[in-house]
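My entries follow the structure.

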Amino acid sequence: MRLRIWTTLFLATIAQVAWGQTSTNPKLVNAEVTSPEPSVNSYTVLGATSEQEALVRAQIRIMQPDVYPLRVLFVPHWKYVDTTRTFRLHVPAGYTSAMFTHLPSRSVFIDSDRYVSDDSLGYWVAHELGHLAANSASENAADKAAREYRKHLKAARKPDVH
Ligand SMILES: [Zn+2]
């Protein structure tokens, strides 16, 4: 019961944040744009350790996605499972099951108990950014868009050849 109430509050908060973003005065947005890459750091990372946040931000910067998330949420496994149920998501077994994207709110949820390495984090975040870029729940469409992002990640990992 407490679990259910918590989830409702959680989702209500997301809805409020999403509403706040969509109702932003466009004039204000323009006034705030001083950087040539306005969307790069304008998303929120929640629930992450400082290392996780730095890592996921660095990876997203490298991938240069066409569409940025509005928020990236690191959640413990039980919360993650409960959230997928709340969204009635079908998460294919063994497939991107450590993260998913809620397209209407452009939120990427990451199961912080399940991602295993920095490389796998980038690999699967690329897939989630692919969903955003394609604005589609299709796994094929997401993987197609993710291919380009994974190339960027791979290039960034290569040692300098000067
Ligand atoms: Zn997917």
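**Confidence.** I noted that this is a predicted model. I looked up the chain average: the mean pLDDT of the protein chain is 79. I also saw that 69% of its residues reach 70 or more. Strand 1 (residues 44-46) has the highest mean pLDDT, 97. Helix 2 (residues 26-32) has the lowest, 42. Over residues 15-37, pLDDT stays under 50. For that stretch I found five contacts beyond four places in sequence.

**Helix 3 and helix 5.** I took helix 3 (residues 50-63) and helix 5 (residues 118-134) as a pair. Their axes come within 10 Å. I read a crossing angle of roughly 55°. Angles of 65 to 115 degrees would count as roughly perpendicular and those under 35 as roughly parallel. I therefore logged helix 3 and helix 5 as oblique to each other. The crossing of helix 3 past helix 5 is right-handed.

**Contact residues.** Which residues of helix 3 meet helix 5? I listed L55, V56, Q59, I60 and M63. On the helix 5 side I listed D118, L121, G122, V125, A126 and L129. I sorted this contact by class: eight nonpolar, two polar and one charged residues.

**D119.** I finished with D119, which sits in helix 5. Is D119 buried or exposed? I counted 12 C-beta neighbours inside 10 Å, so D119 counts as exposed. I also looked up its separation from Q59. The two C-alpha atoms are 9.5 Å apart, for residues D119 and Q59 that lie 60 residues apart along the chain.

Terms used:
Residues are numbered from 1 along each chain as its sequence is written. This is a predicted model: local features need pLDDT of at least 70, side-chain atom pairs count only at pLDDT 80 or more; totals for chains, interfaces and linings use all residues. pLDDT is the predictor's confidence in each residue, from 0 to 100. Helices (H or I, at least four residues) and strands (E, at least two) are DSSP runs, numbered from the N terminus. Two residues are in contact if their C-beta atoms, placed from the backbone, lie within 7 Å. Axes are lines fitted to C-alpha atoms, for helices over the stretch in contact, and angles run from 0 to 180 degrees between N-to-C directions. Angles under 35 degrees count as roughly parallel, over 145 as roughly antiparallel, 65 to 115 as roughly perpendicular and the rest as oblique. A crossing is left-handed if the near helix is turned anticlockwise from the far one by less than a right angle, and right-handed if clockwise. Ala, Val, Leu, Ile, Met, Phe, Trp, Tyr, Cys and Pro count as nonpolar, Asp, Glu, Lys and Arg as charged, and the others, Gly among them, as polar. A residue is buried if 20 or more other C-beta atoms lie within 10 Å of its own, exposed if 12 or fewer, and partly exposed in between; C-beta atoms are placed from the backbone.
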